[in-house]
Amino acid sequence: DHLEEQVFGLTAWGKTYVAARLYARGKEQDAWRILAAEDNTTVTMTPAVAPPKVLAQGEWYEVQTTADFVIDADKPVLVGQYMASSYATVTVEPAICTVESQCLSQHGFLGICEAAGAFTKACAPIGDPSLILAVAATQYLDDYIFLVPNKYKLNYITVIAKQGTVATLDGKVVSPFEFKAVGSTGWTVARLPIPQGAHHLTTSK
């Protein structure tokens with residue numbers, strides 16, 4: 001699949017990003033690419049999913065992980081997040097099934113149970129690859145209105161917030177137990193299923 005995004009202007013690049021992985025469909029890792037705006041840019045990650053790296057202007061550094069982490073740089077960087085293609089999620093092949101729920105409960109990945117022969121069904125994984133340009137932490141807002149389209153089988157949102165933040169989605173407080181700490185950074189992440197349609201998210205911080 002061809003992936004492209006319009007690159008943010010340099011004034012929108014930042015020094016701190018919360019790298020929150022997407023909702024896991026199986027065993028796949030998210031890939032993160034960090035691009036430097038200036039020479040001698042030092043990039044570190046907490047928790048340390050990869051060693052620190054010094055980048056030249058225009059140089060990039062890529063890591064793959066299943067973890068959430070925080071990216072810190074001493075000069076502005078741009079961060080891209082890549083969602084893996086469907087077959088990167090597969091834990092076993094063929095993943096024999098009789099009903100769709102067995103794809104996750106027995107084989108550990110989201111899929112569709114479909115015919116794989118005259119008398120057999122197997123789990124077909126779901127989800128195309130995708131590219132997302134991350135937003136620097138200094139640009140986070142506390143009020144979002146957004147639309148979830150009706151074109152996909154499953155929809156999830158990722159909510160990034162400081163520890164102790166109260167998040168409200170469509171008038172209902174999101175349980176604090178939905179948020180997982182990103183190491184000892186003070187940031188937390190929640191991944192929430194969400195139906196199609198218009199939604200309103202607010203946070204106290």
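At 60% relative accessibility, Glu 4 counts as exposed, where exposed means over 50% relative accessible area, buried under 20% and partly exposed in between, with a 1.4 Å probe and protein chains only. Glu 4 sits in the segment before β1. The C-alpha atoms of Glu 4 and Ile 132 are separated by 9.0 Å, although the two residues are 128 apart along the chain. This is a predicted model, in which local features need pLDDT of at least 70 and side-chain atom pairs count only at pLDDT 80 or more, while totals for chains, interfaces and linings use all residues. Residues are numbered from 1 along each chain as its sequence is written, and side-chain values use heavy atoms, with hydrogens and water left out.

**Overall build**

- The secondary structure comes to 1 helix and 16 strands; helices (H or I, at least four residues) and strands (E, at least two) are DSSP runs, numbered from the N terminus.
- Taken along the principal axes, the box filled by the C-alpha atoms is roughly 60 × 40 × 30 Å.
- The chain has 205 residues, and 39% of them count as buried.
- For residues at least 6 apart in sequence, 69% of the contacts join residues at least 24 apart, a contact being heavy atoms within 4.5 Å.
- The accessible surface is about 11,500 Å², and 54% of this surface belongs to carbon and sulfur atoms; the areas come from the Shrake-Rupley method with a 1.4 Å probe, and for residues only the protein chains shown count as cover.
- There are 15 positive and 20 negative side chains, and the centres of the two sets lie 5 Å apart.
- In that tally Lys and Arg count as positive and Asp and Glu as negative, with His and the chain ends not counted; each charge is placed at NZ of Lys, CZ of Arg, CG of Asp or CD of Glu.

**Nonpolar cores**

- The largest nonpolar core holds 22 residues, of which Tyr 17, Val 43, Met 45, Ile 71 and Val 79 touch the most other members; such a core is a set of buried Ala, Val, Leu, Ile, Met, Phe, Trp, Tyr and Cys residues joined through side-chain atoms within 4.5 Å.
- At least two residues of this core come from each of β1 (14-19), β2 (30-36), β3 (41-46), β5 (60-65) and β6 (69-83).
- The most is given by β6, with 6 residues.
- Ile 71 is in contact with Lys 15, Thr 16, Tyr 17, Ala 19, Ile 34, Val 43, Thr 44, Met 45 and Val 79, leaving aside its neighbours within four places in sequence.
- Another core lies apart from this one and has 12 residues, including Val 148, Ala 167, Leu 169 and Ala 190.

**Disulfides**

- The whole structure contains 2 disulfides, each a pair of cysteine sulfur atoms within 2.5 Å.
- Cys 97 and Cys 113 are both buried.
- Another disulfide joins Cys 103 to Cys 123, with an S to S distance of 2.2 Å.
- Here the torsion about the S-S bond of Cys 103 and Cys 123 is about -95°, so the disulfide is left-handed.
- This pair also links distant parts of the chain, with Cys 103 in helix α1 and Cys 123 in strand β8 (residues 121-125), 20 residues apart.
- Cys 103 and Cys 123 are both buried.
- With bonded cysteines counted along the chain, the disulfide pattern is 1-3, 2-4.

**Selected residues**

- Ser 86 is in the loop between β6 and α1 and counts as buried at 13% relative accessibility.
- Not counting residues up to four places away in sequence, Ser 86 touches Arg 25, Pro 125, Ile 126 and Gly 127.
- Thr 188 lies in strand β15 (residues 187-193) and is buried, at 8% relative accessibility.
- Beyond its neighbours within four places in sequence, Thr 188 has contacts that include Val 159, Ile 160, Phe 179 and Val 182.
- Pro 195 lies in the loop between β15 and β16 (197-203) and is exposed, with a relative accessible area of 54%.
- Pro 195 and Val 148 are 7.1 Å apart in space, C-alpha to C-alpha, and 47 residues apart in sequence.
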